[in-house]
Amino acid sequence: MGMDKNKISIIIPVYNAEKFLDVCLSSILDQDMHSYEVILVDDGSTDSSPLICNRYSATDSRFRTIHKRNGGVSSARNAGVALAQGEYVMFVDSDDALSPDALSIFSAQTQEHPDIVIGGFNIYQGEIPFGTIIPFESEFYPFAGLSEFFDATMHRCGELFRGPWAKLYRLSVIRKHSLHFDESLSYAEDKLFVYQFVNNITSAASVDVPV
């Protein structure tokens, strides 16, 4: 089946995340869709995070861990992208968790192979729900409908673009345009990546649920 085996490559930068990492990774194991790969990039952690990463990759072949010298979150994400093999890349932070149907909801929106799929997210401060940001509709936008896509997402809810998470990025677009996270920036580097990616899309889709 080739590509379908790993339709989605989930890239997780990990730095001293022992407090959250198990919650994050078990939320991925709990997915109702199973064709994915997880690339854990341990960015020179000094806590038990590397051991947690190794435990998951030792017990589940879909998980792989790379350990590198500390270089910051952008270098970690770039290292993960370089290894990705799925049709789509998804960025999950180590203090995030996916809803159990996140991957199947996203996957359902990839039938027409959009360059990006944008989903919603819930914001928590600690355990306390702080708000929900979701696209206005579930829709596929062909090239001719991209202005409508920007209207429905960027103009209606710019918050959807505040971080790289809760989205699928078509890997071939990243490779074709040599897109990467700017390792020289320490602020808004992730937002910059999202805008650079979106600047190169020829189609898009949205999902009106928090993933």
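Accessible areas are computed by the Shrake-Rupley method with a 1.4 Å probe, and for residues only the protein chains shown count as cover. The structure is a predicted model, in which local features need pLDDT of at least 70 and side-chain atom pairs count only at pLDDT 80 or more, whereas totals for chains, interfaces and linings use all residues. Residues are numbered from 1 along each chain as its sequence is written, and side-chain values use heavy atoms, with hydrogens and water left out.

**View 1. Overall architecture of the protein chain.** The accessible surface of the protein chain comes to about 10,000 Å², of which carbon and sulfur atoms contribute 53%. The chain contains seven helices and nine strands (DSSP runs numbered from the N terminus: helices are H or I with at least four residues, strands are E with at least two). Its radius of gyration, 16 Å, is close to the 17 Å that the globule rule gives for 211 residues, so the chain is as compact as a globular protein of that length (the radius is taken over C-alpha atoms; the rule is 2.2 Å times the number of residues to the power 0.38). The C-alpha trace spans about 50 × 40 × 35 Å along its principal axes. Of the 211 residues, 50% count as buried (under 20% relative accessible area; exposed is over 50% and partly exposed lies in between, with a 1.4 Å probe and protein chains only).

**View 2. The nonpolar core around Ile12.** The largest nonpolar core has 63 residues, among which Ile10, Ile12 and Leu25 touch the most other members (a core is a set of buried Ala, Val, Leu, Ile, Met, Phe, Trp, Tyr and Cys residues joined through side-chain atoms within 4.5 Å). Leaving aside neighbours within four places in sequence, Ile12 is in contact with residues including Leu25, Ile28, Val41 and Val92 (contact means heavy atoms within 4.5 Å).

**View 3. The aromatic pair of Phe121 and Trp165.** Twelve aromatic pairs are found in the whole structure. Phe121 and Trp165 form an edge-to-face pair, 5.0 Å centre to centre with 80 degrees between the planes (rings of Phe, Tyr and Trp, the last by its six-membered ring, pair if their centres lie within 6.5 Å; planes under 30 degrees apart are stacked, over 60 edge-to-face and the rest tilted). This pair links distant parts of the chain, 44 residues apart: Phe121 belongs to strand 5 (residues 116-125), and Trp165 to the loop between helix 5 (146-155) and strand 8 (167-170). Both Phe121 and Trp165 are buried.

View 4. Tyr169 and Phe193 pair edge-to-face, at 5.5 Å centre to centre and 65 degrees between the planes. Tyr169 lies in strand 8 and Phe193 in helix 7 (residues 189-198), 24 residues apart. Tyr169 and Phe193 are each buried. Ring pairs join Phe91, Tyr169, Phe181, Phe193 and Phe197 into a cluster.

**View 5. Arginine charges over phenylalanine rings.** The charged end of Arg77 sits over the ring of Phe181, 5.1 Å from its centre, and that of Arg156 sits over the ring of Phe136, 3.6 Å from its centre (NZ of Lys or CZ of Arg within 6 Å of the ring centre and within 35 degrees of the ring normal).

**View 6. The surroundings of Ile134.** Ile134 is placed in the loop between strand 6 (128-133) and strand 7 (139-141). Its relative accessibility is 35%, so Ile134 counts as partly exposed. The C-alpha atoms of Ile134 and Leu160 are separated by 7.1 Å, although the two residues are 26 apart along the chain.
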